[in-house]
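Welcome, and please open the structure in your viewer. We will go from stop to stop, selecting a few residues each time and saying what is there.

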Amino acid sequence: MSTRKITRALISVFYKDNLEPIVHTLAKQGVEFVSTGGTQEFIEKLGYPVVPVEKLTGYPSIFGGRVKTLHPAVFGGILYRREDAGDLKQAKEFNIAPLDLVIVDLYPFEETVAKGGTEEDIIEKIDIGGISLIRGAAKNYEDVLIVSSRTQYGSLLELLQSGNGDTTLADRKKFAALAFGVTSHYDTAIYNYFNQEFQFPGFKKSIQEGRALRYGENPHQRGTYYGDLDGLFEQLNGKELSYNNLVDVDAAVNLVQEFDGETAFVIIKHTNACGVAVSSTVKEAYLKAFQADTLSAFGGVLATNRKIDLAAAEEINKLFFEILIAPAYDDDALALLKSKKNRMLLLQKQPLKETVQYKTLLNGVIEQDLDLKTDAKADLKVMTKRAPTASEVDALLFASKICKHTKSNTIVLAVDGQLIASGVGQTSRVDALKQAIEKAASFGLSVNGAAMASDAFFPFPDCVEIAHQSGIRAVIQPGGSVKDQDSIAVCDQHEMAMVFTGTRHFKH
């Protein structure tokens with residue numbers, strides 16, 4: 001038989017939210033309750049009799065609650081096969097009654113870790129009985145319905161009401177699949193907690209939240225986002241975010257986070273910055289950022305690290321853009337920006353906190369630490385006879401921040417808290433520099449006196465020669481080439497300043 005009638009249910013849960021209507025429904029359908037501890041009290045307060053697990057096992061809850069359900073009287077009722085003659089005989093011989101429904105959740109291990117619990121608290125939140133009950137019931141899905149999370153209560157209630165206590169094989173198999181998703185995620189979290197100390201090799205990651213995207217990079221590609229996007233952003237306007245939107249939003253937020261303590265504005269196109277600036281107000285920062293590339297900004301992704309007021313919104317509203325990200329909006333600014341119904345407006349609730357990134361390739365996965373190093377004044381080593389001025393140092397560090405978030409090979413030109421131009425994703429550093437210089441000229445911006453940042457060292461002095469010819473006065477680079485001295489010599493010849501950081505910022 002593929003259909004099973006629920007006659008007896010084991011309910012033992014940590015969270016009681018939304019459990020009451022399920023208990024009432026089961027009681028109306030004549031289901032007998034078996035339970036433990038706080039869940040038993042919860043059901044009894046609703047007015048229904050409960051068989052304590054201790055009555056089945058003949059043992060009280062022992063070892064501080066570590067052992068309650070681990071007994072053949074419980075697991076036998078879950079695992080015996082209802083149509084197997086040998087199992088039926090043994091169930092009768094040992095007086096084991098069936099458990100047709102198991103509702104169990106797991107101790108909040110991840111929540112306890114996230115809240116900074118003591119090691120003792122964390123270890124006690126490693127569930128043993130609960131996860132065993134879930135696995136046992138899921139294994140015997142042909143006969144037993146397993147509900148392994150409070151997120152499934154709505155689906156369970158609907159199933160109980162529509163089937164009047166009957167469940168189909170398809171129903172039970174679906175809930176079993178969900179149950180193994182819960183247990184595998186739980187075990188992954190525990191393993192990763194312990195492995196912080198030992199760093200055993202192995203790629204074990206689990207994210208339960210997921211949302212289907214309209215498509216991937218292109219319409220013929222399927223796309224899905226795994227993570228808690230709602231925990232990071234509140235979407236205030238516009239259509240659903242796409243795969244490409246999310247990639248650009250990530251680039252924008254990562255870049256704008258570099259400017260902690262300053263009022264910054266960034267404009268992103270295809271993950272690269274086409275405009276970046278800092279200023280005293282969001283409006284001024286936006287106008288300076290927009291000036292660097294008024295063409296690429298069209299349809300771009302915009303982000304700032306300050307509240308957007310009406311003055312800024314009035315300027316931003318003149319541009320056609322896809323997405324705007326900010327930590328706050330004034331009401332009148334938000335009303336104006338909402339005038340375009342498809343325009344996506346995101347309120348960022350918290351900063352990005354990831355420290356590791358992953359990428360699939362060659363039928364596998366590569367993992368690395370995120371590049372969280374931001375070049376600072378203390379990192380700079382002056383390599384030339386002329387040291388950079390205070391304003392040049394500021395421009396060099398500003399350019400370096402952008403360089404770090406730009407596709408390699410890259411050259412970034414900046415001055416006075418403003419991106420002038422960049423050359424991105426080029427196969428040679430000379431091409432990147434030429435692209436940046438030409439781009440600046442095309443938008444009427446002078447590179448004379450600008451600072452130049454390179455994501456990696458100069459293998460030859462040609463970039464410095466070209467920079468000098470264009471009027472660039474200061475250079476920041478990691479250093480490390482066997483021909484570093486050639487580039488330094490050219491700088492000295494033309495009274496340019498060059499500093500080394502010792503840190504390369506490739507972005508492939």
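Start by selecting threonine 271, which is found in the loop between β11 (263–269) and β12 (272–279). Helices and strands on this tour are DSSP runs numbered from the N terminus, with at least four residues (H or I) for a helix and at least two (E) for a strand. Phi of threonine 271 is near 75 degrees, a positive value in a residue other than glycine. Threonine 271 counts as partly exposed because its relative accessibility is 22%. Here buried means under 20% relative accessible area, exposed means over 50%, and partly exposed lies in between, with a 1.4 Å probe and protein chains only.

Before moving on, two notes on what you are looking at. This is a predicted model, in which local features need pLDDT of at least 70 and side-chain atom pairs count only at pLDDT 80 or more, while totals for chains, interfaces and linings use all residues. Residues are numbered from 1 along each chain as its sequence is written, and side-chain values use heavy atoms, with hydrogens and water left out.

**Another positive phi**

Select phenylalanine 63 next, in the loop between α3 (53–57) and α4 (72–79). Phenylalanine 63 is not glycine, yet its phi is positive, near 55 degrees. Its relative accessible area is 62%, so phenylalanine 63 is exposed.

**The cores**

Now look inside. Which residues touch the most other members of the largest nonpolar core? Select Val276 and Ile325: they hold that place among its 43 residues. The largest share of this core, 8 residues, comes from α16. A second, separate core has 28 residues, including Leu10, Val51, Val104 and Val144. A nonpolar core is a set of buried Ala, Val, Leu, Ile, Met, Phe, Trp, Tyr and Cys residues joined through side-chain atoms within 4.5 Å.

Go back to isoleucine 325 and show what surrounds it. Leaving aside neighbours within four places in sequence, the contacts of isoleucine 325 include Phe233, Val249, Leu302 and Leu346. Contact means heavy atoms within 4.5 Å.

**Strand β19 and its partners**

Select β19, residues 411–415. This strand is largely enclosed by the rest of the structure, because 4 of its 5 residues are buried. On one pairing, β19 runs antiparallel to strand β20 (residues 418–423) over 5 bridges, and alanine 414 stands opposite leucine 419. Two strands pair if DSSP finds at least two bridges between them. β19 and β20 form a hairpin with 2 residues between them, and aspartate 416 in the turn has a positive phi of about 50 degrees. β19 also pairs with strand β21 (residues 451–454), in the antiparallel sense over 4 bridges. For that pairing, select leucine 413 and methionine 452, which stand opposite each other.

Asparagine 409 lies in the loop between α16 (390–404) and β19. Is asparagine 409 buried or exposed? It is buried, because its relative accessible area is 16%. Contacts of asparagine 409, beyond four places in sequence, include Gly423, Arg429, Asp455 and Phe506.

Not counting residues up to four places away in sequence, isoleucine 437 touches Leu413, Ile466 and Ser470. Isoleucine 437 is buried, because its relative accessible area is 18%.

**Salt bridges**

How many salt bridges does a search of the whole structure find? It finds 17, each a side-chain nitrogen of Lys or Arg within 4 Å of a carboxyl oxygen of Asp or Glu. Select arginine 81 and aspartate 87, whose side chains meet in one of them (2.6 Å, N to O). Arginine 81 is partly exposed, because its relative accessible area is 46%, whereas aspartate 87 is buried at 13%.

Next come arginine 82 and aspartate 100, with a salt bridge of 3.6 Å, N to O. Arginine 82 is in the loop between α4 and α5 (85–93), and aspartate 100 is in the loop between α5 and β5 (101–104), 18 residues apart. Both arginine 82 and aspartate 100 are buried.

For the last stop, select lysine 373 and aspartate 379, whose side chains meet at 2.8 Å, N to O. Lysine 373 counts as partly exposed at 32%, and aspartate 379 is partly exposed at 24%.
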